[in-house]
Amino acid sequence: MEGEVRRSGRLRCQAVAATRGRERQAEEAAGRADAGCCSATRAFVKKMVGPVAKREAVAHLQAVMGLAERRACGIVGADRKMVRYRSCRPPDTELRGHLRELANARRRFGYRRLFVLLRQQGEPSGRNRIYRLYREEGLSVRKRRARRRAVGTRAPILVEARPNARWSLDFVHDQFASGRRFRVLNIVDDVTRECLAAIPDTSIQGRRVARELTALINQRGKPGMIVSDNGTEFTCNAMLAWSEENKIDWHFIAPGKPMQNGFCESFNGRMRDELLNETLFFGLDHARAKIADWVGDYNGQRPHSSLGYLTPAAYAAYLTATCDRLRNPDQLRRSHVAHTAPNGVTSAETLTATG
């Protein structure tokens, strides 16, 4: 019994001494100059989270260091089945080529609008697939320098949900290849987002604006209201007399508040981004032809995000049909359930008319 006690005590003393030795070794290791170098090295190594990156790392270890597949997968932390997997997806060569052609033709369109254009042409692929092909082809929209934005509260502008309820006017400027400057008078329907007219010229005065508005009213009808800034072309005596003669309510925005004319300002930005910054104009005739082609494409082909990716012309036709149906009491009696207002239109008069 006494020997067993002594033996147990001796073993316990040896275990304590061994533990103390390990503590001294750990303290000495912590005090060395290379302490923490492993963690510092890991901090500079990029974390591999995707299968593609892991496959490339395994292939690098096998080719450069001559490691076996099992050893390389253990170092990278990849599954061997994942490394050996080969994609069975079709190459989609035709779809990729068509996507590149659309992206080159419309360089300011992202994958969402390209998806809408492809769907209009009968392509059954979903949005996620188009986005994957868009990224794999290296396509992107180049970001331009952001401008300073106004700070403060913004209240929505209530507009009656019908065509010709409100027009917006504004000018946008550019220059020819020779350096001579010209301006474009843009007239936009605030509800349908249609570009009613885009008149380029080297000089546009108030009398010219009155003539263009008269011709447009003879073609489309009289608007309920016209909105513009306080430019001299809109505040001259000729324009004041014209608005009084035609009995049109002309609203001038507050000085220094361009967002009160936000619909036309947004259209000017789209024209600047998609046409003026992408085209070199060699003369006035060339500018008129290019602007007319772009306006036709904008109204009839370009999907508009605020209209549920409908074109302005299609949305105008939809609103016209809806207004005609609401005016006809016979059609209202046939339908027991009223149609909802169009997406993005919150007009009180439309909601009241639909019940």
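Helices (H or I, at least four residues) and strands (E, at least two) are DSSP runs, numbered from the N terminus.

The model is predicted: local features need pLDDT of at least 70, side-chain atom pairs count only at pLDDT 80 or more, and totals for chains, interfaces and linings use all residues. Residues are numbered from 1 along each chain as its sequence is written, and side-chain values use heavy atoms, with hydrogens and water left out.

**View A. Helix 7 crosses helix 8 (residues 127–136).** The two axes come within 10 Å and cross at roughly 120 degrees. Axes are lines fitted to C-alpha atoms, for helices over the stretch in contact; angles run from 0 to 180 degrees between N-to-C directions. Tyr111, Leu114, Phe115 and Leu118 in helix 7 contact Arg127, Ile130, Tyr131 and Tyr134 in helix 8. Contact means heavy atoms within 4.5 Å. Seven of these contact residues are nonpolar, none is polar and one is charged. Ala, Val, Leu, Ile, Met, Phe, Trp, Tyr, Cys and Pro count as nonpolar; Asp, Glu, Lys and Arg as charged; the others, Gly among them, as polar.

**View B. Helix 6 (residues 93–105) packs on helix 7 (residues 111–120).** The angle is about 120 degrees, and the axes are 11 Å apart. Helix 6 passes helix 7 in a right-handed crossing. From helix 6 come Leu95, His98, Leu99, Leu102 and Ala103; from helix 7, Leu114, Leu117 and Leu118. This contact has seven nonpolar residues, one polar and no charged.

**View C. Strand 1 (residues 167–175) pairs with strand 2.** The pairing is antiparallel, over nine bridges. Two strands pair if DSSP finds at least two bridges between them. Val172 has Val184 in strand 2 as its bridge partner. Five residues separate the strands of this hairpin, and Gly179 in the turn has a positive phi of about 100 degrees.

**View D. Strand 2 runs antiparallel to strand 3 (residues 195–201).** Six bridges join them. Leu185 stands opposite Ile199 in strand 3. This hairpin also has five residues between its strands. Here Arg193 takes a positive phi near 65 degrees. Eight of the nine residues of strand 2 (residues 181–189) are buried, so the strand is largely enclosed by the rest of the structure. Buried means under 20% relative accessible area, exposed over 50%, partly exposed in between (1.4 Å probe, protein chains only).

Methods: A crossing is left-handed if the near helix is turned anticlockwise from the far one by less than a right angle, and right-handed if clockwise.
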